Amino acid sequence: MFAVTILGNNSAVPAFNRHPTSQVVTIDGHNYLVDCGEGTQIQLINYKIRRSKISHIFISHLHGDHYFGLIGLLNSFGLLSHQQELHVFGPSPLKEIIELQLKVADTKLCYDLHIHHITEAATLVDNEKLRVKCFRTNHRIECYGFSFEQKKQPRKLNIEKAKEFEIPANFYDRLKSGEDYTKKDGSIIKNELVTETAEPGKKICVLCRYKV
Ligand SMILES: [Zn+2]
């Protein structure tokens, strides 16, 4: 699954039935939050987006309408006994701001929070399924956009065909990665006979309206 949910797209001044900036990019069951304006938590609830599936948060810049909801969300993760570690990316001095807010409230989080400062175009996340990059955009203060690029998808397995050729189930993952199967008698089952080409990975960029 590859989807984007706009939680809010309003600017700093409150307006009826609109919300400050925040988007959720959902890829293969994981939620990636981009910006976290006021009210983001309520919008996550309204859209039934599971907070427990958020492992990365990306803050484009430090105007309040893009991150004033962040400390509340981080605090709620603690109250909800969030277990997995959380990575937050944003311009400096986001780390100092969040740490001060936690310190004055004597808040001890029950999960590992990693705040990474971004200072230039860079690759922020790179795993077997996804690559996230940031790039500078033109704004009054330091500001970044983010690209989410789904990596090559595994081939689609036709299980009926695989069973027909008596290929053991523990070889299915290797079929999905494109391997042929060699039977005990030395005959080869070509991969194309039991799999189909996967859809190409998708890519989306999320950024403020200011020109790159
Ligand atoms: Zn701004």
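This is a predicted model: local features need pLDDT of at least 70, side-chain atom pairs count only at pLDDT 80 or more; totals for chains, interfaces and linings use all residues.
Residues are numbered from 1 along each chain as its sequence is written, and side-chain values use heavy atoms, with hydrogens and water left out.

H63 lies in the loop between strand 4 (54-58) and helix 2 (70-79), and H139 in the loop between strand 8 (130-136) and strand 9 (144-150), 76 residues apart. Helices (H or I, at least four residues) and strands (E, at least two) are DSSP runs, numbered from the N terminus. H63 and H139 are both buried, where buried means under 20% relative accessible area, exposed over 50% and partly exposed in between (1.4 Å probe, protein chains only).

The largest nonpolar core contains 22 residues, and I57, I59, L70, V88 and L94 have the most contacts inside it. Such a core is a set of buried Ala, Val, Leu, Ile, Met, Phe, Trp, Tyr and Cys residues joined through side-chain atoms within 4.5 Å. Two or more residues each come from strand 4, helix 2, strand 5 (86-90) and helix 3 (94-104); helix 2 gives the most, with four residues. Another core, of 16 residues, lies apart from this one and includes V25, Y32, Y144 and F148.

Seven aromatic pairs were counted. Rings of Phe, Tyr and Trp (its six-membered ring) pair if their centres lie within 6.5 Å; planes under 30 degrees apart count as stacked, over 60 as edge-to-face and the rest as tilted. The ring centres of Y32 and F148 are 6.0 Å apart with planes at 50°, so this pair is tilted. Because Y32 lies in strand 3 (residues 30-34) and F148 in strand 9, the pair ties together parts that are 116 residues apart in sequence. Both Y32 and F148 are buried. For F171 and Y181, the ring centres lie 4.9 Å apart and the planes are at 65°, so the pair is edge-to-face. Ring pairs also link Y32, F58, F89, F146 and F148 into a cluster.
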